[in-house]
Amino acid sequence: AARTALEFQDPALWEKRLLVERDAETLITGTVALARQGNAELRDIALERLLGLSFASLNETQQLEWLRACGLVFIRMGEPTPAQQATVSAYLDTFYPAKWPTLNAELAQLLVYANSPKVITKTLPLLAADAGQTEVHIPDVLTRNGGYGGTIAQMMTNMPNLTQAQLVFVLRNMKFGWSLEQRKQYLEWFKDASTKSGGASYQGFLDNIRNDFLANATETERKALAGTLAQTVITAEELPKPIGPGKAWTMDELLDSVQGGKMTGRNFENGRRAYSASRCITCHRYLGEGGSTGPDLSSVAGRFSYKDLLESTIDPSKVISDQYRASVIDTVQGKIITGRILSEAGDSVTVLTDPVDATKLVEIKKSDIEEMTPSKTSLMPAKLFDTLNRDEVLDLLGYLMSRGNPNDPVFAR
């Protein structure tokens with residue numbers, strides 16, 4: 001009631017009080033009142049005051065109120081800038097996922113809206129685990145009528161996981177940062193959900209959520225998910241040439257550029273071009289396009305820093321993932337075969353011998369193997385940046401860390 005009364009007063013009479021308010025409950029409630037005025041000129045002030053609170057010091061109810069107040073600021077006072085999205089994302093990422101399902105859903109919703117680079121990676125495991133479905137108690141009133149009551153009671157014994165359904169509904173709007181495997185994992189949830197009961201419109205709701213999700217994927221990703229994407233080999237002749245001139249880049253040189261304030265005003269299209277010109281695309285899929293012999297790079301922003309990316313490119317043999325490590329195989333016939341082990345099923349070993357061409361496979365009988373040792377050298381070639389000039393390298397890094405979003409703050413001018 002107090003907040004409603006406040007909303008009927010001229011904000012000029014009380015907004016300055018909000019700027020110095022220290023009580024969290026009063027500040028959050030006051031921000032809601034301010035947001036409901038719909039004055040876009042006050043958006044930055046409202047957001048600044050909310051971000052000035054320590055989220056960790058709030059109780060769960062206040063955290064829920066904070067999230068809804070922040071959402072209302074953006075709904076009523078205008079969309080946040082990319083820089084503000086990044087600030088909100090960084091502010092909340094530490095607290096997600098939460099233990100309380102209601103708080104978790106609100107966190108996920110605001111993190112998706114803020115285009116968090118980590119929300120996909122953090123949410124998908126919740127869809128595969130027991131996300132805390134509330135125990136269903138069938139009220140006695142349903143047993144009074146064997147018609148409609150029996151139908152509802154039967155539905156309630158086979159309800160979908162509502163906690164997971166909320167997360168799936170929210171995550172459908174996340175446009176950037178998906179790897180192909182993550183998109184497949186998201187769609188996998190619908191298989192079990194389709195066996196549940198949720199009323200006459202339930203299946204229609206599932207279809208709408210799935211359709212929204214697919215609409216936010218690229219055409220290439222949709223084809224791959226539908227199984228219609230043919231496996232292609234990208235050759236050097238198909239790729240654009242580096243602009244150059246290149247040089248033998250060192251870690252220190254490029255790290256100084258990254259940390260020296262040069263990761264603003266970058267060029268999205270030049271970064272996309274450099275991704276192909278440097279031949280990253282031949283082995284790595286990004287946004288559904290590219291080779292598949294190396295890790296999918298669509299979600300690197302949520303897992304790695306600029307330093308990590310530079311290190312893995314300049315010195316790829318320093319740290320090699322077990323999943324992509326090559327092996328050196330000595331056969332009893334005296335041959336030496338180097339490649340990544342794809343399968344050890346049955347009495348043979350399947351080896352990918354060409355990191356660029358996923359069709360170059362060699363099958364070796366286990367009885368023909370004399371020795372098999374992990375290779376100390378990465379299949380990924382070193383010095384891939386050496387053909388690029390400084391702007392090409394920095395634009396490429398920005399392109400990867402943007403998750404394919406041309407409106408990412410790194411491209412702001």
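This is a chat about a predicted protein model, going from its overall make-up to a few of its residues.

Q: Hi! What should I know about the model and its numbering before we start?
A: Residues are numbered from 1 along each chain as its sequence is written, and the model is predicted, so local features need pLDDT of at least 70 and side-chain atom pairs count only at pLDDT 80 or more, while totals for chains, interfaces and linings use all residues. Side-chain values use heavy atoms, with hydrogens and water left out.

Q: What share of the contacts join residues at least 24 apart?
A: Among contacts between residues at least 6 apart in sequence, the share is 69%. A contact here means heavy atoms within 4.5 Å.

Q: Changing topic: how many salt bridges are there?
A: The structure holds 13. A salt bridge is a side-chain nitrogen of Lys or Arg within 4 Å of a carboxyl oxygen of Asp or Glu. In general, side chains of opposite charge can pair when their charged atoms come close.

Q: Nice. Which residue does aspartate 44 pair with?
A: Aspartate 44 pairs with arginine 43, and their closest N and O atoms are 3.1 Å apart.

Q: Are those two buried or exposed?
A: Aspartate 44 is partly exposed at 41% relative accessibility, whereas arginine 43 is buried at 13%.

Q: Which residue does aspartate 207 meet in a salt bridge?
A: Arginine 210, at 3.1 Å from N to O. Aspartate 207 is partly exposed at 30%, and arginine 210 is partly exposed at 22%.

Q: What about glutamate 219, which residue is its partner?
A: Glutamate 219 forms a salt bridge with arginine 222, with 3.0 Å between the closest N and O atoms. Both lie in helix H13 (residues 219–225), 3 residues apart, or about one turn of the helix.

Q: OK, new topic. Where does histidine 284 lie?
A: Histidine 284 lies in the loop between helix H15 (268–277) and helix H16 (306–314). At 11% relative accessibility, histidine 284 counts as buried.

Q: What does its side chain reach?
A: The side chain of histidine 284 reaches the backbone oxygen of proline 295 at 2.8 Å. Leaving aside neighbours within four places in sequence, histidine 284 also has contacts that include Tyr275, Glu289, Leu297 and Met380.

Q: Which residues does a cis peptide bond join?
A: One joins tyrosine 96 and proline 97, with omega about 0°, and another joins glycine 244 and proline 245, with omega about -5°. Most peptide bonds are trans, and most residues other than glycine have a negative phi.

Q: What is the phi of asparagine 115, then?
A: Asparagine 115 has a positive phi of about 60°, although it is not a glycine. Asparagine 115 is buried, with a relative accessible area of 12%. Arginine 279 also has a positive phi, about 75°, but arginine 279 is partly exposed at 46%.

Q: Last one: what does asparagine 389 touch?
A: Not counting residues up to four places away in sequence, asparagine 389 touches Ile243, Gly244, Pro245 and Trp249. A polar atom of its side chain lies 2.8 Å from the backbone oxygen of glycine 244. Asparagine 389 sits in the loop between strand S5 (369–374) and helix H17 (390–401), and counts as buried at 16% relative accessibility.

Methods: Buried < 20%, exposed > 50% of the residue type's maximum accessible area, 1.4 Å probe, protein only. Helix = DSSP H or I, 4+ residues; strand = E, 2+ residues; numbered from the N terminus. Polar contact = N/O pair within 3.5 Å; in protein donor to acceptor, adjacent residues only side chain to side chain.
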